[in-house]
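Q: I have a model open and want to learn to read its features. Where do we begin?

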Amino acid sequence: ARSLVTTATDIEYGMTEIARVMSDSSFVFDDYRQKLLDLGIEFGHTFDNVQHIAKRWAQSGYNVADSLELTRTSLLALNTAELDAQYATEGLIGIMSQWGLVASDLPLIIDKINKTADSYALTSQDLVDGLLRSSGAAKIMGMTLEDTIATLTVMREATGRTGQEVGNALNSILSYMQR
């Protein structure tokens, strides 16, 4: 009985955190909670994990519909890529922001990252790390997201360095070229 009360309290507390950051007037506490519970069941994740992801998307300014769609996509990324909950949200938020992408673009981004990680000697985590560090400079230089992923992949395979290191290196190279 205590465990049930604790779980219910944790769920309500998590929903209250989301309600505090959600600025969408269409937010309905009970409906949103039910949709998050359904996503957790559908993708096999705890409510705590689902709530954490949804809260990050809400904090980034996404409305109810977009935050639910992005939460669904992040959970899909958790199940298909070597990403944890933090990188399935915060890393992807950064990438979307740097490239000026919208919620409907996220599944395609994850597909590109996963396909590349499946085909070459790097992980999805390496690509997310590299993209976070180099996307701003790459976009300024007129590179596409695909070009940036390809360049990071080649650099990672050639050097054996981590995604963060090749992302920093690419950022430095592009910044130097721009000057």
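A: With burial. A residue is buried when its relative accessible area is under 20%. Keep in mind that this is a predicted model. Phe27 has 18% relative accessibility, so Phe27 counts as buried. Tyr32, at 2%, is buried too.

Q: How do I read a pair of aromatic rings?

A: A pair is described by the distance of the ring centres and the angle of the planes. Here there are two aromatic pairs. In one, the centres of Phe27 and Tyr32 lie 5.1 Å apart and the planes meet at 55 degrees, so this pair is tilted. Trp57 and Tyr62 make an edge-to-face pair, with 5.6 Å centre to centre and 75 degrees between the planes. Trp57 and Tyr62 are both buried.

Q: Which residues have the most contacts inside the largest nonpolar core?

A: A nonpolar core joins buried nonpolar residues through their side-chain atoms. The largest one holds 50 residues, and Ile18, Tyr32, Leu36, Trp57 and Ile113 have the most contacts inside it. Helix α5 (residues 85-99) gives the most to this core: seven residues. Take Ile113. Setting aside residues up to four places away in sequence, Ile113 touches Leu92, Ser124, Leu127, Val128, Leu131 and Ile149.

Q: Is Arg156 buried or exposed?

A: Apply the cut-off of under 20%. Arg156 has a relative accessible area of 18%, so Arg156 is buried. Arg156 sits in helix α8 (residues 145-159). Beyond its neighbours within four places in sequence, Arg156 contacts Ala121, Leu122, Asp126, Arg161, Thr162, Gly163 and Val166.

Terms used. Residues numbered from 1 in each chain as written. Predicted model: local features only at pLDDT ≥ 70, side-chain atom pairs only at ≥ 80, totals over all residues. Heavy atoms only, no water. Helix = DSSP H or I, 4+ residues; strand = E, 2+ residues; numbered from the N terminus. Buried < 20%, exposed > 50% of the residue type's maximum accessible area, 1.4 Å probe, protein only. Contact = heavy atoms within 4.5 Å. Phe/Tyr/Trp six-rings, centres within 6.5 Å; stacked < 30°, edge-to-face > 60°. Core = buried A, V, L, I, M, F, W, Y, C linked by side-chain atoms within 4.5 Å.
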